[in-house]
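Trainee: I would like a close look at a single part of this protein. Please take me through it step by step.

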Amino acid sequence: MGGEYAYRKLTRDKYLLLPYHSLYKAYRANKYYLHVPDAVLPNESSEYSYPSRSNSLGFIGQEYPIAKKDSIGIRIISIGDSFTEGIGAPQDSSYPALLQQMLNSDYPKPIEVINFGLSGSDPFYYYLLCRDIVLKYKPDILLVTFNTSDIVDVNVRGGFERFKADGTVQYNKAPWFEPLYEHSVIFRSFLLNVLHCDFPPGTYKRTEAAPIQKLQIALDSIADLCAQYKMKLNIIFNPVANEVSQHQLNLQPLLQYADSRNIETINLLPYFIQQGGNNVYQYFWKYDMHNNSKGYQLFAQGVYRNLKPQLDSQP
């Protein structure tokens, strides 16, 4: 209980001090949650600063041709949120970049790992991204990362109903007290520390069935799409710091559901526990809570260990 209490206190204190930007507004008004193309992306907090740049599509990093080059043996595309994009580390220290280095040290024909991670995204955006963009690139393997922030995302944003017929995106309605929460630290303190309110919803209470059921819908949609187009799918479950310290994956019911559907899964929690020992926080920024470069190295190693047997079994 001590570790969980400390995490919640740290998280609540963080929310008391940081400027509040409404989670109920779609800041990137496109149905894929793409960045502005050809723009500088800050990738910074009070603890780090690693500016990067978006390409012409709105992803970070270099441009990739739609058709796989003849020199490339296997094309892998990784999608996810900020933990896939690599927030909290230099661009060449994102887990897809490190995974590509590891794989290319083992195989004679180059393996390409494309980073289509988008900070702030969630699994319902992933599906549209897969359907409308990823399919054009015809990856041999698709890596899709889920983590505990997806619970907050679906509570606030909803599921597929957020995507309107006119092409706009509309999240759930914000609670009436959000303006007070935005402008008053006293109100925030009362709401979080006296009333123990779970705001944003899913920040502290991780066990409700409703968001898991929504995430199952997104997972099913992605898995069915991959099966239809014969893309090999791996669902990665990436733990955050308190999950590692507590030895508890908040998305365990979703992992079990994926396993029941015989979807290939990569659960990184045991690997982080094994490698982290008593100092799991060495892999995460203290306040920002994203992985640091050391954490993304561990992330990539965990994926590599699970992915390599699949690659070795291919003809």
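Which strand does E6 pair with over four bridges, and in which sense?

Mentor: This is a predicted model, so read what follows as computed from it. E6 pairs with strand E7, residues 264–267, and the sense is parallel. Within that pairing, Phe-237 has Asn-267 in E7 as its bridge partner.

E6 also pairs with strand E5, which covers residues 141–146. Six bridges join E5 and E6, and these strands run parallel too. Here Leu-143 stands opposite Asn-234 in E6.

Now look at burial. Strand E6 spans residues 232–237, and five of its six residues are buried. Buried means under 20% relative accessible area. The strand is therefore largely enclosed by the rest of the structure.

Step back to the whole chain. The protein has 12 helices and seven strands. Its radius of gyration is 19 Å, close to the 20 Å that the globule rule gives for 315 residues, so the protein is as compact as a globular protein of that length. Buried residues make up 54% of the 315. Of the contacts with a separation of 6 or more, 74% are between residues 24 or more positions apart.

Phe-190 lies in helix H7, residues 185–194. Its relative accessibility is 42%, so Phe-190 counts as partly exposed. Together with Val-194 and Leu-195, Phe-190 makes a nonpolar surface patch of about 290 Å². The protein as a whole exposes about 14500 Å², with carbon and sulfur atoms supplying 55% of that area.

Terms used:
Residues are numbered from 1 along each chain as its sequence is written. This is a predicted model: local features need pLDDT of at least 70, side-chain atom pairs count only at pLDDT 80 or more; totals for chains, interfaces and linings use all residues. Side-chain values use heavy atoms; hydrogens and water are left out. Patches are made of residues with over 30% relative accessible area and no salt bridge: like charges are joined within 9 Å, nonpolar side chains (Val, Leu, Ile, Met, Phe, Trp, Tyr) within 5 Å. Accessible areas come from the Shrake-Rupley method with a 1.4 Å probe; for residues, only the protein chains shown count as cover. A salt bridge is a side-chain nitrogen of Lys or Arg within 4 Å of a carboxyl oxygen of Asp or Glu. Helices (H or I, at least four residues) and strands (E, at least two) are DSSP runs, numbered from the N terminus. Buried means under 20% relative accessible area, exposed over 50%, partly exposed in between (1.4 Å probe, protein chains only). The radius of gyration is taken over C-alpha atoms; the globule rule is 2.2 Å times the number of residues to the power 0.38. Contact means heavy atoms within 4.5 Å. Two strands pair if DSSP finds at least two bridges between them.
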